[in-house]
Amino acid sequence: MKFNTKTIHGGQHDVDPAYGAVMPPIYQTSTYSQTTPGGHKGFQYSRSGNPTRSALERNLASIENGEFGLAFGSGLAAIDAVIKLLKSGDEVISTNNLYGGSYRLFTQVYEDFGITFHFIGMEHAANIENFINKSTKLIWVETPTNPMMNIIDIKACAAIATKHDILLAVDNTFATPYLQTPLDLGADIVMHSATKYLGGHSDVVLGALVVKDKKLADRLHAIQNASGAICGPQDSFLVLRGIKTLHLRMQRHCENGKAVAHYLLSNPKIEKVYWPGFEDHPNHIVAKEQMRDFGGMISFTTKGNNYDEAIKIVENLKIFTLAESLGGVESLAGHPASMTHWSIPKEERERTGIVDSLIRLSVGVEDIDDLIEDLEQAIG
Ligand code: P1T
């Protein structure tokens, strides 16, 4: 089955044996009757498993070319489950530019449990080798990174991870499997904030993991069940429905993203535009190799790095909504330094490029003329 077919049909055979409903029913139940202890039809309690969540989990596995999907109450709950694979004394090597909430979870929760995180530049994957020691158990990659749009070579990371017998996890939120499938490139775990492009309509918070290896899946299922950070059936349904149009939406996100990136480049008030589709993006060649297009996420700075000017621009936008999050059909604008990435200390933030004038756009699927006109009137 090819990707566009998988978004609609992947893992969805026979979802309603009772009535043949085309969409899986929302099984709004916490528990399931048993004829005798253990005598059930595959589900016993909805923390451990729910048919609507299972339908989503099978679909997630299908679109990411994995074997096992796990759905969680949020992207961070999914990341949390991955870190729970580790124990005190273990070390993690992470991209130095990543979602502020992931950084906060690592540094403000798990460092207290004795896990050490190294935040490093991975644009040259070989740099990872400098930080590997006997305690290194996990490489955490975001690509494209949030919000600087750095591109990390997944295949090169996988070669290093395999050589040292370390797990490689890739946060695929920005790219989605429409653009890249990390498991095909050698990653062990794919993670999603399905709140974003997978859900696609800014109406649900949900997280996901997909793996190929049965033993790893069993351990993650055990963690999911033991910790309980699952998503409900209604939210599972919404994401499943969102994924059915992922390929259509992503195609337009990419087209609109390209047009907006080129518009910003041509505006004399703009200092720098971060978008992996530009030939002079430092890892454009890797992006071309591992991604099928370049996505709808773009960051830019204005000349003079002026905080007030950046705030004025995001306040002036009329079609782009000033809001956290990304990946919905509607265009959003954000100011990472004061919004999504405020939890990263200023000095560290600025070292990776998150300066006060940085604005992040999630380019939606509206008419491109309206989007460019909106940016034009806001930037001036
Ligand atoms: O919000 P949640 O579903 O828990 O997902 C966290 C998360 C993980 N990984 C990446 C790359 C993300 O972008 C996010 C959430 N990001 C935002 C809310 C944002 O505006 O960047």
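So, which residue has a polar backbone atom 2.9 Å from an oxygen atom of the ligand? That's Leu76, and I'm counting polar contacts as N or O pairs within 3.5 Å; within protein, one atom must be able to donate a hydrogen and the other to accept it, and sequence neighbours count only through two side-chain atoms.

Quick caveats. This is a predicted model, where local features need pLDDT of at least 70 and side-chain atom pairs need 80 or more, while totals for chains, interfaces and linings use all residues. Numbering starts from 1 along each chain, and side-chain values use heavy atoms, with hydrogens and water left out.

Asp171 puts a polar side-chain atom 2.6 Å from a ligand nitrogen, and a polar backbone atom of Ser325 is 2.7 Å from a ligand oxygen. On its own the ligand has 480 Å² of accessible area, and the protein covers 93% of that (Shrake-Rupley, 1.4 Å probe). Around the ligand sit 17 residues, meaning a heavy atom within 4 Å; Thr195, Lys196 and Arg360 are among the closest.

Now, Lys244. You'll find Lys244 in the loop between helices H8 (233-243) and H9 (246-266); helices are DSSP runs of H or I, at least four residues, numbered from the N terminus. Lys244 is buried, so under 20% relative accessible area with a 1.4 Å probe, protein chains only. Yet Lys244 has no salt bridge (Lys or Arg side-chain nitrogen within 4 Å of an Asp or Glu carboxyl oxygen): the nearest opposite charge, the Asp16 side chain, is 13 Å away. What does lie 2.9 Å from a polar side-chain atom of Lys244 is the backbone oxygen of Ile8.

Key:
Helices (H or I, at least four residues) and strands (E, at least two) are DSSP runs, numbered from the N terminus. Buried means under 20% relative accessible area, exposed over 50%, partly exposed in between (1.4 Å probe, protein chains only). Lys and Arg count as positive and Asp and Glu as negative; His and the chain ends are not counted.
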